[in-house]
Amino acid sequence: MEAGVERTMWIELLGEVRAYTGDREIALGPPRQRAVLTILALRANETVSREELIGGIWGEATPLSVKGSVHTYMHGLRRALSAASDIAVARTSAGYQLVLGDQELDLSVVEARIDAARKLARSGNKTAAADLIGRALALWRSEPLGGIPGPLAAAERGRLRELRYHLIEERAELMLATGRHRELVTELAETLAVEPFREGIRAQLMLALYRSGRRAEALAEFATVRALFADELGLDPGAALTDLHLRMLRSAPDLGQSTTVPKRTHSAVPSRLPQETPGFVGRVAEWKRMTEWCFTARTKGAALVISASDGAGGIGKTSLAVRFARAVSSHYPDGQLYIDLRGFDPNRSPLRTTEALGRLLWALGGATKAVDPDVLASMYRTVLSTKRVLIVLDNVATTDQVRDLLPGTSNSLVLITSRNRLSGLVARDGARRLTLGVLTEAEAIHLLRNTIGTERVDNERPEALKLIRLCGHLPLALRVAAGRISAEPGSTLRDPVGTLLSEQNPLDMVDVDDEEITAVHSVISWSYKSLEPALAKTFRLLGLLRGPDVGIAAAAALLDVPVADAKVNLDTLRERHLLEGGTNRFRFHDLIKIYAGKVANRAEAAGSRSAAILRTMVWYVHGQRSALLCLSPAYPLPPLSVPETRHALPEFDTRESVFSWFETEAPNILAMADQAAELDEHEIAWQLAWGMFEHYNSTGATTEWMELLTVGHTSSGKLDKRGPRARLSMMLGIASSRIGQHENAVRFLKAALDHVRYIDDGHLHASILTNLASTLRTMRKYEKGLEYAHKSLELATRAGGDYQKAGSYDALCELYVEAGQPGRALKSGRVGLEYARASCANLIEVNVLINIAHALRDLGDEEAARGEYKAVLEFCVQLGDRYHEALALRGMAELHHRTGRFQAAREQARRALEIFERFDYEEAETTRELLSLLDSDVAIG
């Protein structure tokens with residue numbers, strides 16, 4: 001027990017499992033009896049079913065006498081714990097519950113200290129935060145859950161082990177930031193003695209040694225890890241560790257600062273599961289079957305289809321999939337992904353396979369310009385082949401929609417939900433199918449007790465059973481009904497049940513052809529009619545939105561209310577189970593969305609609908625502009641041609657916050673641009689499409705980008721304005737070039753030139769010329785490209801914009817390099833670099849730096865070129881820019897090749913090729929050719 005803390009009861013899981021009452025240790029009995037305590041403690045104050053206990057302790061090796069064994073162990077555990085007066089193992093109809101206080105379980109104390117430490121760190125008190133994490137780490141005594149048998153203990157043991165190492169790394173980062181590097185050296189070295197392959201901790205040790213004046217030892221650490229990786233794994237250390245080593249070799253001045261630990265970028269482990277549905281009940285048998293299939297079978301590339309009997313909606317497929325995914329997420333350390341394939345969305349067509357693959361690849365840390373489904377599927381399976389990832393594919397319409405999203409030969413797991421049976425996946429692809437029926441009477445009663453209250457339900461059980469029948473035993477309908485009843489805590493069940501029963505036409509607001517969802521729509525209609533006017537209007541107006549979800553600020557614009565009022569309304573609708581979601585983003589169940597959309601069209605005046613949608617569209621346009629100005633205050637925004645918004649815009653303070661917002665809102669903006677075009681709001685449609693350039697330029701999701709740009713381009717053509725048509729033609733030219741359709745790109749860019757000549761916009765004219773020059777460079781038409789680049793610079797100089805001048809000089813520099821004129825390239829590049837830095841144009845800056853390095857290389861200034869390449873690599877780490885990182889590595893490879901350092905050249909080319917192939921960049925082919933040449937040179941040497 002912890003010294004200085006008085007507790008009547010204390011349970012320890014972070015080592016050998018023990019329990020104490022006062023100072024006396026409790027004899028917990030045989031291993032499986034201690035396993036029962038362990039599972040109950042891990043789920044403290046929650047109900048654990050007997051089936052969950054059996055699955056967690058025995059797994060698939062379940063003996064016939066298992067139920068009797070559970071009873072025996074539970075009886076023995078209760079007897080052992082009877083010495084502690086303040087602890088109880090409660091028996092409920094659904095299972096068992098261990099009641100513990102916040103300070104009676106070591107794991108609960110650890111979690112509380114972690115939360116408190118992170119709050120301290122956010123407030124700037126990093127020293128106190130590091131000390132508090134140190135106190136949390138002190139509660140680990142040895143291997144967690146020591147001596148406990150069973151698959152659940154094995155899974156939790158791994159999770160708790162990983163948590164400890166993550167906390168070690170988090171604490172070290174705080175200590176490095178506050179100058180406490182000398183304290184770290186010994187403990188980090190001891191950690192690496194046990195876990196030598198943890199590169200993040202290795203980087204922290206190197207940095208701690210370096211800052212302690214032990215530079216030689218810091219460099220020796222890198223030599224050690226490089227040899228270890230080569231001998232044990234046949235790999236090299238990662239880019240972040242290698243770059244840190246390079247900076248130490250150069251004695252980079254910023255290594256003495258607190259910001260030099262390599263940053264985590266987009267490729268960090270994704271965790272994108274939605275929140276669980278509150279009050280989940282039942283599905284015990286289904287849960288056990290899923291556990292057996294996914295925990296013990298360890299099927300390669302497993303897929304599990306959760307379908308509904310007779311295709312019923314609202315039966316709880318997604319709720320079960322998400323809850324199970326969260327429960328087993330620790331077994332999939334390389335990420336957990338979720339994607340809605342929109343198979344039954346009332347407003348949008350099902351997501352195409354290419355779009356889904358692009359989103360999944362991006363979430364896994366890659367990006368691609370490929371559009372061929374076979375190429376994308378191959379890349380996807382290659383990425384997954386060495387990973388353990390859990391993927392939830394929700395609302396699948398057909399087998400063909402999802403077949404290419406299966407992981408192939410992999411240790412990953414796919415959970416699929418569909419109203420259809422998807423028999424082809426079972427027959428041909430080896431998927432397991434779990435078919436859900438409606439809730440049993442006992443499960444439905446349990447759900448109502450959890451939501452309405454045990455006393456109300458048990459006191460009026462006949463009325464509760466009537467309500468269950470009226471709701472068709474469907475979880476969604478029951479939750480909506482319970483939410484409606486909970487809003488009137490003083491009433492009996494008889495009144496609302498009688499009202500629902502007496503509805504002459506419960507679907508008077510909607511037309512429902514599908515009898516299977518009649519019960520759901522009846523309850524939604526009944527619940528909707530009970531809403532206060534402000535809530536009812538919120539519900540209706542939300543039904544006008546076509547995107548997958550909505551944030552609070554966007555909802556405030558839609559509703560024309562302050563953000564605080566919008567949040568209250570959204571939270572209330574979620575409490576009534578008419579909305580789903582977390583604290584900041586909300587979404588409809590698709591069946592409720594159908595109802596909300598139809599009731600909005602019937603009950604909301606046309607003017608009110610139009611005004612609400614227009615407010616939201618305008619808010620998104622202004623949000624995009626605010627985000628782009630955060631990226632660069634000199635960002636070349638088009639003239640504003642939409643009304644002002646009086647509603648609060650998202651706040652951006654970093655590049656990361658901008659790109660996070662773009663990624664979250666991209667599906668909503670695509671849907672909104674479509675809707676704007678349909679409503680003839682063409683000014684909004686083209687601006688929404690134009691404003692997503694930075695997002696799609698970085699993600700490489702070209703299928704979605706081309707779809708959005710096509711909408712914007714069509715809308716721009718319906719306006720009697722040259723500016724929008726020029727901008728969208730330019731964007732389509734850039735996107736076409738990105739996917740290798742260079743002839744189309746030139747056609748779009750020349751069309752943009754035809755439009756821009758009629759307007760007085762030197763900045764836009766210069767941008768079009770710059771992009772045309774770059775496309776011609778890609779086509780190796782250097783002379784023509786230089787002609788357009790010079791015209792671009794002339795216009796940019798007259799217009800006086802640093803951003804445009806930076807882009808023009810960048811295009812010139814790159815063209816001169818490839819045309820074999822390094823002297824001119826160097827001159828252009830150095831001027832362009834000044835303009836890029838003056839306008840905070842980071843991507844232009846890094847591109848100019850690379851071309852300056854190329855020019856120095858081609859001029860024979862080896863030392864200066866090497867220095868520039870290393871500077872680019874450092875900059876790329878800060879930006880998370882893998883493309884330019886690969887360009888710099890290839891440039892270094894060519895430099896080493898020219899100076900006869902074939903082995904070093906080969907290593908740099910190999911690293912560059914790895915990035916080019918992963919992101920499907922066209923430079924992969926020329927890099928393969930370079931690597932092949934280098935292999936020959938190494939063999940000859």
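Colleague: Where do I start? How many helices and strands does the protein chain have?

Modeller: Start with the overall make-up. This model is predicted. The protein chain has 42 helices and 13 strands. Of its 941 residues, 54% count as buried.

Colleague: What share of the contacts comes from residues 24 or more positions apart?

Modeller: Look at contacts with a separation of 6 or more. In the protein chain, residues 24 or more positions apart account for 69% of them. Here is one pair to find in the structure. Serine 329 and valine 389 are 60 residues apart in sequence, yet 8.7 Å apart in space, C-alpha to C-alpha. Serine 329 sits in the loop between α12 (317–328) and β7 (336–340). Its relative accessible area is 21%, so serine 329 is partly exposed.

Colleague: How do I read burial along a helix? Which residues of α13 are buried?

Modeller: Go residue by residue. Helix α13 covers residues 353–363 and is mostly covered, with ten of its eleven residues buried. Those are Thr353, Thr354, Glu355, Ala356, Leu357, Gly358, Leu360, Leu361, Trp362 and Ala363. Now take helix α19, residues 461–470. Its buried residues include Glu463, Leu465 and Ile468. After α19 comes glycine 472, with a positive phi near 65 degrees.

Colleague: Which residues other than glycine have a positive phi?

Modeller: First the general idea. Most residues other than glycine have a negative phi. Now two cases from this structure. Histidine 577 is not a glycine, but its phi is positive, about 65 degrees. It lies in the loop between α25 (563–575) and β12 (580–581). Histidine 577 counts as buried because its relative accessibility is 15%, under the 20% limit. Cysteine 840 also has a positive phi, near 55 degrees. This cysteine is in the loop between α37 (822–838) and α38. At 40% relative accessibility, cysteine 840 counts as partly exposed.

Colleague: Now the charged side chains. How many salt bridges does a search of the whole structure find?

Modeller: The search finds 46. Take a simple pair to begin with. Glutamate 217 and arginine 214 meet through their side chains in a salt bridge of 2.9 Å, N to O. Glutamate 217 is partly exposed, at 39% relative accessibility. Arginine 214 is partly exposed too, at 32%.

Colleague: Which residues are linked in a network of salt bridges?

Modeller: Arg857, Asp858, Glu894 and Arg898 are linked in one. Take it pair by pair. Arginine 857 forms a salt bridge with glutamate 894, and their closest N and O atoms are 2.5 Å apart. Arginine 857 is in helix α38 (residues 842–858) and glutamate 894 in helix α40 (residues 882–898), so this pair ties together parts 37 residues apart in sequence. Arginine 857 is buried, with a relative accessible area of 8%. Glutamate 894 is partly exposed, at 22%.

Colleague: What about aspartate 858? Which residue forms a salt bridge with it?

Modeller: Arginine 898 does, with the closest N and O atoms 2.6 Å apart. This pair links distant parts of the chain, from aspartate 858 in helix α38 to arginine 898 in helix α40, 40 residues apart. Aspartate 858 counts as partly exposed, at 27% relative accessibility.

Colleague: And glutamate 443? How far away is the nearest side chain of opposite charge?

Modeller: Compare the distance with the cut-off. A salt bridge needs the nitrogen and oxygen within 4 Å. Glutamate 443 is buried yet has no salt bridge, and the nearest side chain of opposite charge, arginine 283, is 4.8 Å away. Glutamate 443 lies in helix α17 (residues 441–452). Leaving aside neighbours within four places in sequence, its contacts are Val281, Gly282, Arg283 and Val284.

Colleague: Which residues line the largest cavity?

Modeller: Among them are Leu542, Leu545, Pro548, Val550, Phe586 and Phe588. Asp549, Arg587 and Lys593 are in the lining as well. By class, the lining has seven nonpolar, one polar and three charged residues.

How values were computed:
Residues numbered from 1 in each chain as written. Predicted model: local features only at pLDDT ≥ 70, side-chain atom pairs only at ≥ 80, totals over all residues. Heavy atoms only, no water. 1 Å grid on protein atoms, 1.4 Å probe; cavity = no way out; pocket = protein on both sides within 12 Å on 5 of 7 lines; lining within 4 Å. Nonpolar A, V, L, I, M, F, W, Y, C, P; charged D, E, K, R; others polar. Helix = DSSP H or I, 4+ residues; strand = E, 2+ residues; numbered from the N terminus. Buried < 20%, exposed > 50% of the residue type's maximum accessible area, 1.4 Å probe, protein only. Lys, Arg positive; Asp, Glu negative; His and termini not counted. Contact = heavy atoms within 4.5 Å.
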